[in-house]
Amino acid sequence: MSTSTALELKRISHFYVNDGGAALALQNLSLTVEQGEFVSLVGPSGCGKTTLLSIIAGIILPTEGSVQVSGHRVFGPSPKVGYMLQQDYLFPWRTIEENAVIGLELNGTLTKENREYVLHLLNQFGLGAQKGKYPTELSGGMRQRVALVRTMAVKPDLLLLDEPFSALDYQTKLQLEDLVFETMKSHGKTAVLVTHDISEAIAMSDRLIVMAPNPGRIRKEIVLPDSIARSMPLRAREQEGFLQLFHDVWNEFDAMESGGAGNAVTTG
Ligand SMILES: Nc1ncnc2c1ncn2[C@@H]1O[C@H](COP(=O)(O)OP(=O)(O)OP(=O)(O)O)[C@@H](O)[C@H]1O
């Protein structure tokens with residue numbers, strides 16, 4: 001593991017055991033993500049994307065294999081790993097500022113300096129005027145921005161983004177993609193995004209991981225060209241080669257539906 005490795009998954013397999021028997025959700029999956037890298041996981045429903053994020057977050061312990069974040073083995077949830085979900089899960093009885101600092105409160109690190117950092121983030125994300133309001137007074141996009149501030153507030157080394165834009169209208173989704181992308185890049189954060197939206201995955205990422213189901217595994221890795229990886233997501237969609245990449249990923253999905261095995265190939 002190099003000093004710049006943010007995340008290392010080694011030979012992860014995971015069985016869910018329940019009354020109906022055991023289901024192999026992930027099999028022998030290995031993946032390394034470098035610091036500052038933005039990686040997206042795409043694949044058909046049931047290929048284990050959410051299971052994998054839960055394992056990285058330490059919410060689920062894998063049946064086999066190991067996870068390291070910033071060189072430390074993951075045995076449970078840690079403030080080093082931030083998690084942003086499709087729903088904002090803001091507490092309706094707390095103001096926006098009090099929602100944004102909740103992770104710091106739970107960690108016992110709500111210092112004056114950290115609260116100032118949160119206020120700075122709220123301002124940066126255009127929420128300064130909303131800090132005394134309650135979640136029901138905000139739009140869905142604003143609430144998701146608060147959720148992003150709450151996630152960033154604890155200064156995690158790694159951010160896990162599980163469909164964070166899928167409940168938003170299209171315009172808000174595109175705006176938030178740009179905001180999240182810019183925030184990750186300007187803070188040098190490492191991010192792993194799960195999305196069903198192929199275009200979003202290509203527009204936001206340095207690298208795409210296409211997963212296959214039954215059992216969940218990596219089917220293909222695609223390293224995105226700099227012209228796309230370094231552009232803001234909205235602009236990335238206008239870059240040469242974007243449509244071709246979309247078709248390449250789409251064809252992988254098609255091939256999986258018609259039963260093609262696929263193999264781990266890296267293209268640039
Ligand atoms: N708690 C559970 N108990 C048993 N099986 C489960 C459980 N959670 C997930 N699975 C199974 O594990 C496999 C992977 O599920 P997972 O939710 O990780 O996939 P996913 O790629 O995130 O799916 P989606 O895109 O639909 O959200 C599926 O076959 C699913 O049915």
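This briefing covers the confidence, ligand shell, sheets and backbone exceptions of one predicted model.

The model is predicted: local features need pLDDT of at least 70, side-chain atom pairs count only at pLDDT 80 or more, and totals for chains, interfaces and linings use all residues. Residues are numbered from 1 along each chain as its sequence is written. According to the unreviewed UniProt entry, the annotation "domain: ABC transporter" covers residues 7–240. UniProt positions follow the numbering used here, feature names are shortened, and annotations may be inferred rather than shown by experiment.

**Confidence**

- The mean pLDDT of the protein is 91, and 96% of its residues reach 70 or more; pLDDT is the predictor's confidence in each residue, from 0 to 100.
- Residues 263–268 have a pLDDT below 50, and this stretch has nine contacts in the model beyond near neighbours in sequence. A contact means that the C-beta atoms of two residues, placed from the backbone, lie within 7 Å.
- Where pLDDT is low, the predicted coordinates should not be read in detail.
- For the complex, the predictor gives an ipTM of 0.97 and a pTM of 0.91.

**Annotated region**

- Residues 7–240 are 34% helix and 28% strand, and the end C-alpha atoms of this range are 30 Å apart. Helices (H or I, at least four residues) and strands (E, at least two) are DSSP runs, numbered from the N terminus.

**Ligand shell**

- There are 13 residues around the ligand, of which Tyr16, Ala25, Ser45, Thr50 and Thr51 come nearest. A residue is near a molecule or strand if its C-beta atom, placed from the backbone, lies within 6 Å of it.
- At least two residues of the shell come from each of strand E1 (5–18), strand E2 (21–34) and helix H1 (49–57). H1 gives the most, with three residues.
- The shell has four nonpolar, eight polar and one charged residues. Here Ala, Val, Leu, Ile, Met, Phe, Trp, Tyr, Cys and Pro count as nonpolar, Asp, Glu, Lys and Arg as charged, and the others, Gly among them, as polar.

**Sheets and strand pairing**

- Four strands form an open sheet in the order E2-E1-E4-E5, with antiparallel pairing. E2 and E5 stand at the edges with a single partner strand each, so one side of each is left without a neighbour in the sheet.
- Strands pair if DSSP finds at least two bridges between them. E4 and E5 pair in the antiparallel sense over two bridges, and Val69 stands opposite His72 in E5.
- Strand E6 (residues 81–84) and strand E7 (residues 158–162) run parallel and are joined by four bridges. Leu159 in E7 is the bridge partner of Gly82.
- Both faces of E6 are covered: Val81 and Tyr83 on one side and Gly82 and Met84 on the other are all buried. A residue is buried if 20 or more other C-beta atoms lie within 10 Å of its own, exposed if 12 or fewer, and partly exposed in between, with C-beta atoms placed from the backbone.

**Backbone exceptions**

- Most residues other than glycine have a negative phi, and most peptide bonds are trans.
- Asn28 is not a glycine but has a positive phi of about 50°. Asn28 is found in strand E2 and counts as partly exposed because it has 13 C-beta neighbours inside 10 Å.
- Ser70, also a residue other than glycine, has a positive phi near 50°. Ser70 lies in the loop between strand E4 (64–69) and strand E5 (72–73), and its 18 C-beta neighbours inside 10 Å make it partly exposed.
- The peptide bond from Asn214 to Pro215 is cis, with omega near -5°. Pro215 lies in the loop between strand E9 (207–212) and strand E10 (217–223).
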